[in-house]
Amino acid sequence: MGRRPWKCSRYCKNKPYIKSRYCRGVPEGKLKIFDVGKKRMTCDAFPACVHLLSLEKEQISSESLEAARISANKHMINFVGKDNFHIRMRLHPFNIIRINKMLTCAGADRLQTGMRGAYGKPYGLCARVKINQVIMSIRTSLKGEDAACTALRKAKFKFPGRQLVYVSRNWGFTPYPKELFQQGRTEEVEWRGATGRIVGDGVGTKFISGKGVRLSKQGIWHKSSGDIKGKWNDAMRLNRNL
């Protein structure tokens, strides 16, 4: 028996249905690798970033996510080389698809009971997507930005519905615009009401300001956090590298 067409499971009609102690015997998802390419390169290595956004609220199967990953990976290897990009799959297929298997042999009407007890068995996994949610992202060099756009355009053909290839104005996978990132690496900058430096932290970054964690992260001094105005706590010393 072949797989059912995805139009049977494409729409988010019901509540999320995930693996638990009550729902056992769930098949493994096809998507096993979520980061491809030079995933350990620091945040400074790849300034360009391209995203693939979903324009529909729907469900995407783990098989199509794996097919899109393979397609994008193959295109990037051919056009920019295996050391010049990092693909990250942003969706994780946790939602279970059920199927009520029906017999198709001769005399099946004597053996099965139609819609009686029609609650199905686990059949596969999918990811639930919202409108404008990122499906997958590629960070690469500025030269490879066009190749990343083409790779995601090819990956679009593996998904149902409509998608959008979006070139980010931010530096790599960080939340900072390119100009602000380059400035914040050398001097203090203002970001979302706080002033501090941008420090590399593997693939991502940390924004080091003079405020500690808890309420003092927002500049609020309060006894409940154990803060004493004018006295530094351990979290603030850590942020100040003292």
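Strands β5 and β6 pair in the antiparallel sense, joined by five bridges; here strands are DSSP runs of E with at least two residues, helices are runs of H or I with at least four, and both are numbered from the N terminus. Two strands count as paired if DSSP finds at least two bridges between them. Within this pairing, Asn95 stands opposite Cys126 in β6. The model is a predicted one, in which local features need pLDDT of at least 70 and side-chain atom pairs count only at pLDDT 80 or more, while totals for chains, interfaces and linings use all residues. Residues are numbered from 1 along each chain as its sequence is written, and side-chain values use heavy atoms, with hydrogens and water left out.

On to the rest of the sheet. Strand β6 (residues 121–129) is also joined to β3 by four bridges, again antiparallel, and Ala127 in β6 is the bridge partner of Ile60.

Aromatic rings come next. The structure holds four aromatic pairs, where rings of Phe, Tyr and Trp (its six-membered ring) pair if their centres lie within 6.5 Å, and planes under 30 degrees apart count as stacked, over 60 as edge-to-face and the rest as tilted. One of them is edge-to-face because the rings of Tyr17 and Tyr119 have their planes at 85°, with centres 6.2 Å apart. These two residues are 102 residues apart in the chain. Tyr17 is partly exposed, at 21% relative accessible area, whereas Tyr119 is exposed at 56%. Tyr176 and Trp191 also form an edge-to-face pair, 5.0 Å centre to centre with 65° between the planes. Both count as buried, Tyr176 at 4% relative accessibility and Trp191 at 18%. Ring pairs link these two and Phe207 into a cluster.

Key. Buried < 20%, exposed > 50% of the residue type's maximum accessible area, 1.4 Å probe, protein only.
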